[in-house]
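Please look through the sequence and the three-dimensional model below before reading on.

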Amino acid sequence: MEEKRMPLSGALPDGARLIAVLGDPPAVDGVPVLGVESLLIPLQTVADNVLLGATSGFFLNKSSRERRAMELIDRVGLAVPPTTPVFELDAVDQRIVELAGILGRTPEVVLVDDRSSRFDAAEALRWHTALAHATEVAPVLVAVNTLADLRFSPRAVDCVAVLRAGDVVGTAGPADTDRLLGLLVGDGPAVTENADDAPENRPFGPVVLELRNISVSHPVHRERMLVEDASLAVRAGEIVGLADAQDLVLGVFGASSGGEVSGTILLDGAPADLSTVERAIASRVLFISEHPPTYDIGLLGGIPTSVSGEKLARLARMGVIDRRREYLPRQAPSMLIDALSGARSRPSTAAMNEVLAGWVANPPRVAMITEPFSGLSPAEQGKRRALIERIAAAGVAVILESTEPEQLVGLSDRLLLQHGRRLATELRGEDATLRGVAAFRTRTDFPT
């Protein structure tokens with residue numbers, strides 16, 4: 001049965017001001033989105049950035065502009081002088097400045113994509129306090145991976161909206177777990193087809209890859225950790241699914257995330273040096289992705305260009321890019337992704353299948369695949385699943401990673417779900433289902 005979809009307008013309860021969104025945030029014409037990549041101009045002041053694009057204030061005289069900027073930053077509770085250069089602010093305050101600028105456009109609703117945030121507890125409290133202030137101006141919809149992502153908010157969540165493909169399929173109160181689980185699991189064929197089938201019954205061999213206390217930093221801001229103390233072991237013939245853990249996978253594969261990697265990696269019980277892509281490949285630890293993550297940078301006359309984490313870190317060390325910007329990974333392809341050497345472009349589906357078929361014929365020790373089904377049709381997904389199962393059947397330790405763990409259900413022998421910077425939950429057997437993933441998304445009790 002096809003799920004009934006509702007447009008954003010009229011789909012939310014009257015009076016709801018802080019709305020958690022589970023699923024992709026909606027795309028609504030004319031509605032500003034505070035997304036993954038910052039649009040701030042670091043060398044400009046807070047006032048300049050706040051008033052850029054505002055409905056009024058940018059062309060006022062200096063004193064009036066600063067007064068107008070102060071009104072906007074007061075709305076979000078930011079206590080900084082409007083003359084402060086944005087690059088002097090930390091990542092949280094920069095995001096709050098961007099929020100103030102959005103409020104200056106007098107929006108009917110504000111959309112915030114918080115799914116890639118890696119703030120610690122103190123930072124999250126500051127950010128969510130600003131969002132709570134913003135709800136006094138307009139309703140705020142915040143896309144999160146789990147309801148626990150909003151546990152630091154001083155304002156209670158009024159409702160939860162569940163979205164698929166940008167459409168609201170229903171809303172529920174944050175404590176209405178049964179309804180939320182029903183909305184998240186759904187009953188449409190595109191959602192559940194083969195999803196709860198048990199994985200193929202493969203015999204597992206000894207542990208091939210073991211990670212002990214792996215931590216990965218941001219490629220530019222090395223003080224900011226993206227992964228902390230991740231530990232797991234993968235056996236020969238086993239398929240382990242990871243949710244929202246691309247930084248961990250890229251960190252293990254030759255530190256290709258671009259950040260610093262610490263901890264211990266064992267292959268067949270012995271310490272292994274996978275500190276470069278070349279060493280990882282030489283050890284037969286291989287990686288491929290349907291949608292490699294990239295970072296947008298302002299080069300080539302200011303035209304946005306996408307590069308890999310490795311290239312981003314290299315450019316930062318060379319002083320070519322502005323280290324004061326907040327760089328966050330994105331999955332969306334760029335028209336200029338091939339403009340600089342080192343940028344990882346998306347392989348064609350056929351080319352990726354050819355590589356995977358090669359892994360069946362000549363099995364590696366470890367196969368790591370991120371976003372294995374992103375953008376594929378149901379028929380293409382079926383072919384890809386068969387290839388991955390054949391790789392595992394050849395005795396390979398397989399790691400699959402996706403920002404949508406629902407795609408990994410029914411193929412993975414177990415699922416490890418990352419919350420924030422840590423692997424927080426493991427689902428096995430009957431729990432490794434769409435309902436198990438949905439229950440993870442509705443949790444609010446993860447440790448800080």
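How many salt bridges does the structure hold? The model is a predicted one, and the structure holds 20 salt bridges. Side chains of opposite charge can pair when their charged atoms come close. One of these pairs is formed by Asp90 and Arg126, whose side chains meet with an N to O distance of 3.0 Å.

Is Arg441 buried or exposed? With a relative accessibility of 11%, Arg441 counts as buried, whereas Glu406 has a relative accessible area of 27% and is therefore partly exposed.

The side chains of Arg414 and Glu426 also form a salt bridge, at 3.3 Å from N to O. Here Arg414 sits in strand β17 and Glu426 in strand β18 (residues 422-428), 12 residues apart. Arg414 is buried, because its relative accessible area is 7%, while Glu426, at 37% relative accessibility, counts as partly exposed. Beyond such individual pairs, there is a network of salt bridges that links Glu123, Arg224, Glu228, Asp229, Arg421 and Arg422.

The strands that carry Arg414 and Glu426 lead on to the sheet. Strands of a sheet pair through backbone hydrogen bonds, either parallel or antiparallel. β17 and β18 run antiparallel and are joined by six bridges, and within this pairing the bridge partner of Arg414 in β18 is Arg428. The two strands β17 and β18 form a hairpin with two residues between them, and in its turn Gly420 has a positive phi of about 65 degrees.

In what order do the six strands of the open sheet follow one another? The order is β12-β15-β16-β9-β17-β18, and the pairing is mixed. β12 (285-289) and β18 are the edge strands, each of them pairing on one side only. On average, and with direction ignored, neighbouring strands of this sheet are turned by 20 degrees against each other. Within the sheet, β9 and β16 pair in the parallel sense over five bridges, and Val240 has Ile399 as its bridge partner in β16.

Two helices lie across strands of this sheet. Helix α11 (residues 378-393) lies across β9, β15 (366-370) and β16, and runs at about 150 degrees to β16. Helix α12, for its part, lies across β17 and β18 and runs at about 15 degrees to β17.

Asp244 is placed in the loop between β9 (239-243) and α7 (246-252). Asp244 counts as buried because its relative accessibility is 15%, below the limit of 20% used for that term. Its side chain is joined to that of Asn145 by a polar contact of 3.2 Å. With residues up to four places away in sequence set aside, Asp244 touches Arg115, Arg118, Asn145, Glu401, Ser402, Thr403 and Gln418.

The nonpolar interior remains to be described. In soluble globular proteins, nonpolar side chains tend to be buried together. In this model the largest nonpolar core has 81 residues, among which Leu99, Trp127 and Val398 touch the most other members. Helix α3 (residues 91-103) gives the most to this core, contributing eight residues. Neighbours within four places in sequence left aside, Leu99 is in contact with Leu34, Val76, Val110, Trp127, Ala130, Leu131 and Ala134. A second, separate core has 31 residues and includes Ala245, Ile265, Val277 and Ile399.

A last point concerns Gly205, which lies in the loop between α6 (189-192) and β7 (207-217). Gly205 touches Arg235 and Ala236, not counting residues up to four places away in sequence, and its C-alpha atom is separated by 8.2 Å from that of Glu238, 33 residues apart along the chain.

Notes:
Residues are numbered from 1 along each chain as its sequence is written. This is a predicted model: local features need pLDDT of at least 70, side-chain atom pairs count only at pLDDT 80 or more; totals for chains, interfaces and linings use all residues. Side-chain values use heavy atoms; hydrogens and water are left out. Helices (H or I, at least four residues) and strands (E, at least two) are DSSP runs, numbered from the N terminus. Buried means under 20% relative accessible area, exposed over 50%, partly exposed in between (1.4 Å probe, protein chains only). A polar contact is a pair of N or O atoms within 3.5 Å; within protein, one must be able to donate a hydrogen and the other to accept it, and residues adjacent in sequence count only if both atoms are side-chain atoms. Contact means heavy atoms within 4.5 Å. A nonpolar core is a set of buried Ala, Val, Leu, Ile, Met, Phe, Trp, Tyr and Cys residues joined through side-chain atoms within 4.5 Å. A salt bridge is a side-chain nitrogen of Lys or Arg within 4 Å of a carboxyl oxygen of Asp or Glu. Two strands pair if DSSP finds at least two bridges between them. Axes are lines fitted to C-alpha atoms, for helices over the stretch in contact, and angles run from 0 to 180 degrees between N-to-C directions.
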